[in-house]
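Here's a quick tour of the pockets in one protein model. Take a look at the sequence and structure first.

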Amino acid sequence: WSRTAGPRHAHLGTKLAEGMNPPLGDNNHAQKALKAWVEARGITVDYTEDLAEFKDLEKYNTVINLSGNRDTFDDPAQDRLTAYLNGGGGFVGIHNAFGAEYDWAYYEGLLGNANFWNHGPNRVGTVEVVNDHDVSTSFMPETWGFKDEWYNLDPFPTNVNVLLKVDAVTSMARPNGHGENHPVSWCQYYDGAKSWLTTLGHDPAAWNETPLEGKEFFKEHVLSGIESTMGIKDFCAPASDEPE
């Protein structure tokens, strides 16, 4: 799902045509990449930006909001997504999924009680692993470089399992940055559903063939997060080996 009802990120490219699985253009970087990545893992995927096609969600193992922003869901779509999640579905929110549905409290909760506020400059920062026990982080070094916008969040995520954060220097690029505690990825159970979230993924180079430091970690992070919400891999492991 990548329908935008506000500013459209460059990694999404041109608005997609109506219908399910319309042709993808050369500048639909993120949609093309994500489709190829999951299909290479043997996962079947449908994609759309058409509200009329946002239905029959129960046949899917997870729903991905790939930078679909502002009022991306109309009322019927909100009802369908709520019913799907309440029934035990999976949800993945990537990058400007945090710039969506500011007036829908349920969606804010789905994101970890968080919303996009603003961001620092698109620049390289140091990603720090907070929880190396989760399937979406266990393969990473303790720190790695990546280029992104580094979202500041208000409300700030609460009662979530933080997976990654960004270093304080990058975090404080804006006066209201989050300093030492600046999460960029986390997971949670929500209303019967598995919800995996990351603010990463701004730069088109994260999705296309352009070289970018850390993109191999980003790619596997997203893929393993998706697979964990689908039930293919363990979901949202605690940060230590101690039982929850």
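## The second largest pocket

In this predicted model, α1 and α5 each supply at least two residues of the lining of the second largest pocket. Helices here are DSSP runs of H or I with at least four residues, strands are runs of E with at least two, and both are numbered from the N terminus. A pocket is an open set of points on a 1 Å grid over the protein atoms alone, where a 1.4 Å probe fits and protein lies on both sides within 12 Å along at least five of seven lines; lining residues have an atom within 4 Å of a point.

The top contributor here is α1, with five residues. In total, 13 residues line the second largest pocket, and A33, W37, W207, N208 and E209 lie nearest its centre. Its volume is about 200 Å³, meaning the space filled by probe spheres set on the points, which are joined across faces, edges and corners.

## What lines it

Sorted by class, that lining has five nonpolar, two polar and six charged residues. Ala, Val, Leu, Ile, Met, Phe, Trp, Tyr, Cys and Pro count as nonpolar, Asp, Glu, Lys and Arg as charged, and the others, Gly among them, as polar.

## The largest pocket

Now for the largest pocket, with a volume of about 550 Å³. Its lining counts 26 residues, and V45, D46, Y60, T62 and I64 lie nearest the centre. They split into 15 nonpolar, six polar and five charged.

Which elements each supply at least two residues of this lining? They are α1 (29–40), β1 (63–66) and α5 (215–230). Of these, α1 gives the most, with four residues.

## About the model

Residues are numbered from 1 along each chain as its sequence is written, and side-chain values use heavy atoms, leaving out hydrogens and water. The model is predicted, so local features need pLDDT of at least 70 and side-chain atom pairs count only at pLDDT 80 or more, while totals for chains, interfaces and linings use all residues.
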